[in-house]
Amino acid sequence: MKTDIASDAGGARDLSDPSLLATELRLAVGRMTRRLRQAHAVGDVSLSGVSVLARLAADGPDSPTSLAEMERVRPQAMATTLAQLEQRGLVRRTPDAADGRRSIAAVTDEGRAMLAERRSESVQRLANVLDAFSAEERETLGAAVPLLARLAEQL
């Protein structure tokens with residue numbers, strides 16, 4: 001079955017080819033991410049920092065090594081991200097009770113508050129734009145969310 005989606009120019013594109021679909025998804029998601037990122041103040045927590053905070057808030061305390069694996073970054077990059085978050089008081093690191101050489105990172109109350117504020121700003125921005133979409137268009141986007149989440153997890 002072929003999928004036709006309107007392009008920015010108002011024409012239709014056949015997105016049944018996985019390579020073309022991948023190109024279009026990358027462009028659309030990248031554009032959306034950039035525009036949401038641009039809405040936040042300079043010096044705000046990075047997207048990778050927000051991702052780590054969200055993971056810690058949802059899944060609970062974890063080791064830097066485990067976080068690096070789940071976020072698919074190098075341990076050194078995760079150490080830098082955690083150091084920045086800790087410096088801002090958004091996470092705290094404590095020695096691992098089972099292995100004192102390791103640390104466990106946990107989101108702080110301040111980190112939860114910042115995450116909630118940032119989410120509400122982005123969600124409100126998206127909701128304002130989605131208000132202009134038809135009910136059918138919103139339903140189509142809603143149906144795609146589980147697929148996009150699965151795609152993100154498999155990358």
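Helices (H or I, at least four residues) and strands (E, at least two) are DSSP runs, numbered from the N terminus. In these terms the chain has six helices and four strands, and from the N terminus on its elements run β-β-α-α-α-α-β-β-α-α. The structure is a predicted model, in which local features need pLDDT of at least 70 and side-chain atom pairs count only at pLDDT 80 or more, while totals for chains, interfaces and linings use all residues. Residues are numbered from 1 along each chain as its sequence is written, and side-chain values use heavy atoms, with hydrogens and water left out.

The chain as a whole comes first. Of its 155 residues, 23% count as buried; buried means under 20% relative accessible area, exposed means over 50%, and partly exposed lies in between (1.4 Å probe, protein chains only). The chain exposes about 11000 Å², of which carbon and sulfur atoms supply 56%; accessible areas come from the Shrake-Rupley method with a 1.4 Å probe, and for residues only the protein chains shown count as cover. Among contacts (heavy atoms within 4.5 Å) with a separation of 6 or more, 44% join residues 24 or more positions apart.

The interior may be considered next. A nonpolar core is a set of buried Ala, Val, Leu, Ile, Met, Phe, Trp, Tyr and Cys residues joined through side-chain atoms within 4.5 Å. The largest such core has 17 residues, and Val 52, Leu 53, Leu 56, Leu 67, Leu 82 and Leu 85 touch the most other members. Two or more residues come from each of helix H2 (47–59), helix H3 (64–71), helix H4 (75–87), strand E4 (103–107) and H5, with H2 giving the most, five residues. Leu 82 touches Val 52, Pro 64, Leu 67, Val 91, Arg 93 and Ala 105, not counting residues up to four places away in sequence.

Strand E4 is largely enclosed by the rest of the structure, because four of its five residues are buried. Strand E3 (residues 91–95) pairs with E4 in the antiparallel sense over five bridges; two strands pair if DSSP finds at least two bridges between them. Pro 95 has Ser 103 in E4 as its bridge partner.

Helix H5 (residues 109–130) supplies the largest share of the patch, three residues. Val 129 is found in H5 and is partly exposed, with a relative accessible area of 49%.
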